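Subject: Structure handover

Hello,

Here is the structure for your files. My notes on it follow below the display.

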Number of protein chains: 4
Amino acid sequence: MIIVLKPNISKKDEVAVLKEIRKLGYKPHIMRGVERTVIGAIGDERTHGSLETLSAWTQVENVMPVQKRYKLVSREAHRGNSTINVRGNLIGGKKFQVMAGPCSVESEKQLLTTAHAVKAAGATILRGGAFKPRTSPYEFQGLGEKGLKMLAKARKETGLGIITELLSQDHADMVAEYTDIIQIGARNAQNFQLLIAAAKTGKPVMLKRGLSMKIEEWLLAGEYILANENANLMFCERGIRTFETYTRNTLDLSTIPIIKKESHCPIVIDPSQGAGRADLVVAMCKGAVAMGADALLIEVHPNPAEAWSDGAQQVTLEGFVKLMEELKPFITAAGRE
Amino acid sequence: MIIVLKPNISKKDEVAVLKEIRKLGYKPHIMRGVERTVIGAIGDERTHGSLETLSAWTQVENVMPVQKRYKLVSREAHRGNSTINVRGNLIGGKKFQVMAGPCSVESEKQLLTTAHAVKAAGATILRGGAFKPRTSPYEFQGLGEKGLKMLAKARKETGLGIITELLSQDHADMVAEYTDIIQIGARNAQNFQLLIAAAKTGKPVMLKRGLSMKIEEWLLAGEYILANENANLMFCERGIRTFETYTRNTLDLSTIPIIKKESHCPIVIDPSQGAGRADLVVAMCKGAVAMGADALLIEVHPNPAEAWSDGAQQVTLEGFVKLMEELKPFITAAGRE
Amino acid sequence: MIIVLKPNISKKDEVAVLKEIRKLGYKPHIMRGVERTVIGAIGDERTHGSLETLSAWTQVENVMPVQKRYKLVSREAHRGNSTINVRGNLIGGKKFQVMAGPCSVESEKQLLTTAHAVKAAGATILRGGAFKPRTSPYEFQGLGEKGLKMLAKARKETGLGIITELLSQDHADMVAEYTDIIQIGARNAQNFQLLIAAAKTGKPVMLKRGLSMKIEEWLLAGEYILANENANLMFCERGIRTFETYTRNTLDLSTIPIIKKESHCPIVIDPSQGAGRADLVVAMCKGAVAMGADALLIEVHPNPAEAWSDGAQQVTLEGFVKLMEELKPFITAAGRE
Amino acid sequence: MIIVLKPNISKKDEVAVLKEIRKLGYKPHIMRGVERTVIGAIGDERTHGSLETLSAWTQVENVMPVQKRYKLVSREAHRGNSTINVRGNLIGGKKFQVMAGPCSVESEKQLLTTAHAVKAAGATILRGGAFKPRTSPYEFQGLGEKGLKMLAKARKETGLGIITELLSQDHADMVAEYTDIIQIGARNAQNFQLLIAAAKTGKPVMLKRGLSMKIEEWLLAGEYILANENANLMFCERGIRTFETYTRNTLDLSTIPIIKKESHCPIVIDPSQGAGRADLVVAMCKGAVAMGADALLIEVHPNPAEAWSDGAQQVTLEGFVKLMEELKPFITAAGRE
């Protein structure tokens, strides 16, 4: 920690700060500058008490951490790239993966039609929501376990892996029984009890970035998964909330090189949520592939205009085939398969 | 719903839109403008299927709702101001209420000292976290039920009502057994399962605004409480996330007149979280009182520099006495007691 | 400056950093921590070359400034509160000031009617735009010098001081000839050439905060005024751009205690732009007064629904009389006149 | 325009709205819905007076425009893609263009070294700031005309086109004399007087997006160029301001498909400003190419650590050669040359 003192404070005020630093287990180191005195507090910031409370002292101008707060998810903890094996498909490996399927599971027919179509087009994992977090209590909340059973049936028929969202701690075991990857949605990205419950199922976890989550907070939320002894974590960028209203969210593709730099965990891009508009999805997929994403999560629906949720952002089956075709040269250019 | 068609589309494309509108249970009404044709879809937007999926159609330029999506929390549903009775203190009534106490319950001594002090200074409700949502898994997570028992003891000794945060559905009954008001924190403001669990305890619920929650989303999250048959809802503004880094959050005091206009539920202001700095709390409290807030939620600690969480934003016991004194003329000016 | 090195770098890489620090005129001071080495670079950050470029070096993790970058506007430069004399009315003194008038000057009749009405209600300064920055080139751009002449006439008739916006360097002398205070609008808050031109007229300058301007950037923009030898600067908060769409902007009232803490210059609040809705203006004015603002800038129009710009946020003449009446107890409570 | 009335208003209040609509030149069209009455106001929203002021009326709940406010920049105005010829290089055509050079022009040697290097690596246009907008008045403000002369010399030696920023209306003729493209920076993106002055020089204009500019506002600012009879406009995304602090700005790559959809003008991406960190620039360039950008604007410096401005985001000469090499497969994949 670096503690910047205010200019012209008394000797007594300075001594009090030094005493407090020592009390919290750090070794103080004084630097007298031109205008201000700066104290370096030497010690491990992750195991000692926090010095940020010093910023409440009147003689202190600023307190700045120098260590990163995340450990297990950090690139320093694991130099290579972690990979996650989902029914034989490696996420984070040389092969580029595509997860596709409807926003919500609506019926067996809708799901199976989509599953066969996305498999034929090259997807390896099927997405579909059985529990849906909806802004209004009057909107469709998902089919629940019935939807999970349909996902399991689709897997059996197609061999695709399954990813679906976990909304409630109470459903952790049930969802884990059916799915191959547990998705934590943006609204629950700092619902730490849910993160812990998901981690404890032992299933791979895909952690979406919260609507206004800083990179550091996202990495620390991921730390909750690894600290609960689940090594199979992947991050998923799905757009952040900004002032712009043209798109539903602002897809922050810079997260791809940033996550690759800071962490060993795979990064997945969700352009459907990011744009909220199917007509922008293709370009965003191309960008994600070129920038080094490990996988895409794409909403596909046989008839988007009649979808029970988020119709505006779902791609048609034909659109998906065309998209997969258009992505190929970029996957090759990115050195992926 | 208003559906704006693109310029120069074919008759056939227009007819398809009209057909879909009727299929979803609305009555279409066509207006031919100078450049664009606009269709009004007449019907209750809250009970019919959503027409937003039409925006995925190539002939459609824009789809705009005209109805408000919230019902039970709206001012239209209840013309008067709702009040909530907490151990004889009315929140939302003529008397201005102050909830105060430490960020986290740390020890019996810390809590009782604070409780007696805030009571003497005029607070009527004691706040204190027993379960703490922390950005990092390595930070103090709260004393749990032990903390709840301390809160109950403080209530017994002082007569103050209790407010504390609920973090997990699994703790809903336990927390409800001890507390008078259940607090839903900003990170869980759209954790709908937690909202439902809180509502079902029957205890009054204080719903904090999420870090990047729009007013409409906040009202709709509140709708989850009322729709689950709990009429005792109050909203709490605690600052939103913006680009500014001087303060931890940007306290949006305009929520006071807005909530009063849109809803009948009381509005509480939390300047401690809003500023993240004790030195700004006094001014923010004055603003909140003047603008018509029903209550304040203030973090007070006997020794903020040694607090186990969020020391920088907690006011000292002496600071709180002074604050309460300074607020008096503004409470009077606002026509409150 | 504090330079944080990456863990496990070579001795040679460390020496290179030390050499660069000395080259730029600072004295390096090494602190070896548990995981990282931190270097304090001692010297005046405002006069020496910037060390931030070091962050481009591969062995450097982070570079953090410790000094504040603003001097002349800072509270350290001038302990008391600066006041600005506008035709006998002190802004920043004990008397609370109200600036009111139409968004745009539209006609002599509209302006004089408003001027007499706001004067009668207690305003001391008349606002009115003669040059209007409009998002679209097809919108009304202001009456130009004709509007300035009308403002001068209104001043002559009522004795009110005048505030109007300067949009172009080329108009600096012309606008200064007519007005008592030059307003720099939000869109031009970092148009430094305009700031310099305004400063050089010698007239008092009111600097609005840019739509997404951090406090530090705002203070530094103000520094451009004082550094160009114009001591009569006041800041004006008018709402920042956030994700919220209910209001046009989010009025950040925390700027009042922050500007008072960081600077000696007066702070004015513009609730009309901040809310973009007349129905929220009254509450925001009360909050601003209670929190210690020095003045208000309020849009008032004889017939807002027919205003040539921003009708939605303008208060009627009757509304203004009522507002001034309602503010009185809060002005008294705030210890102002 | 669509005007939504409040529920249960009187006949008289409704008639008043209809009268006002007619007075402003629109033809009202009434739709009676389940809860609310909606009025369509038929007429050209761009030439008639604005109806938004109706939202100030107590009987009106909401006013929504249905027309787009921009004309000349819109895709509807010009179906094909506009191209801009800069010394024989077409921007917006099949050939992908790269503009590269230092943030600031510092010396003849620095500029010529960079110019030769970027030309050899494949760039066709040289960037370099002679007038620099700086947050603090104490930072380096650019070499001015001396810098422009150096740019002209570099053009003469290398044949590269020149792009440089215009900061002041008073310099428009001078800058136009030396440069091939006039850059309008983010801070001046709504400095409409500067936009008009730039347009009138007749030189191609590159308009950067403001820090918190909505797409619609950006397009409308571009409209100021075309409405002043300059057809050679290109847009440049350089990152927007969000809550994230890891990067200096959040580069919004979704602007590429959006600008292509809404406008016929070319779109340029500036990843240097967008990231503020050289180590993220390569990935962002790849994304921009893949998503269909027409050109890149990249900061390159012989020795970034000693740059006079923004060192942290400038790429070295070697880094630039490597970057250009890595981009090739993506340029091919995108169907460009």
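The same surface serves both copies, as 100% of the contact residues of chain B recur in chain C. Contact here means that the C-beta atoms of two residues, placed from the backbone, lie within 7 Å.

Some conventions before the rest. This is a predicted model, in which local features need pLDDT of at least 70 and side-chain atom pairs count only at pLDDT 80 or more, while totals for chains, interfaces and linings use all residues. Residues are numbered from 1 along each chain as its sequence is written, chains are lettered from A, and ligands are numbered from 1, in the order in which they are written.

Chain B and chain C
Between these chains, 33 residues of chain B are in contact with 33 residues of chain C. Helix 7 (255-262), helix 9 (278-291) and helix 10 (317-333) of chain B each supply at least two residues of the side of chain B that touches chain C. Helices (H or I, at least four residues) and strands (E, at least two) are DSSP runs, numbered from the N terminus. Helix 9 of chain B gives the most to this side, with 9 residues. By class, the side of chain B that touches chain C has 19 nonpolar, 8 polar and 6 charged residues; Ala, Val, Leu, Ile, Met, Phe, Trp, Tyr, Cys and Pro count as nonpolar, Asp, Glu, Lys and Arg as charged, and the others, Gly among them, as polar.

Chain B and chain A
Chain B is superposed on chain A by a rotation of 180° with 0.0 Å of shift along its axis, at an RMSD of 0.1 Å. That is the relation of a two-fold axis. In chain B, the C-alpha nearest this axis belongs to Ser212(B), 3.1 Å from it. Here 39 residues of chain B are in contact with 39 residues of chain A. Helix 5 and helix 6 (215-227) of chain B each supply at least two residues of that side of chain B, and helix 6 of chain B has the largest share, 5 residues. The side of chain B that touches chain A divides into 17 nonpolar, 12 polar and 10 charged residues.

The barrel
In chain B, 8 strands close into a barrel in the order 7-8-9-10-11-12-13-14, with parallel pairing; two strands pair if DSSP finds at least two bridges between them. Strand 13 (residues 267-269) and strand 14 (residues 295-299) of chain B run parallel and are joined by 2 bridges. Ile269(B) has Leu296(B) in strand 14 of chain B as its bridge partner.

Helix 9 of chain D
Helix 9 (residues 278-291) of chain D has 14 residues and reaches 21 Å from its first C-alpha to its last, close to the 20 Å expected at 1.5 Å a residue (1.5 Å times one less than the number of residues). Just after helix 9 of chain D, Gly292(D) takes a positive phi of about 105°.

Regards

How values were computed. Copies are superposed by least squares on the C-alpha atoms of residues with pLDDT of at least 70 in both.
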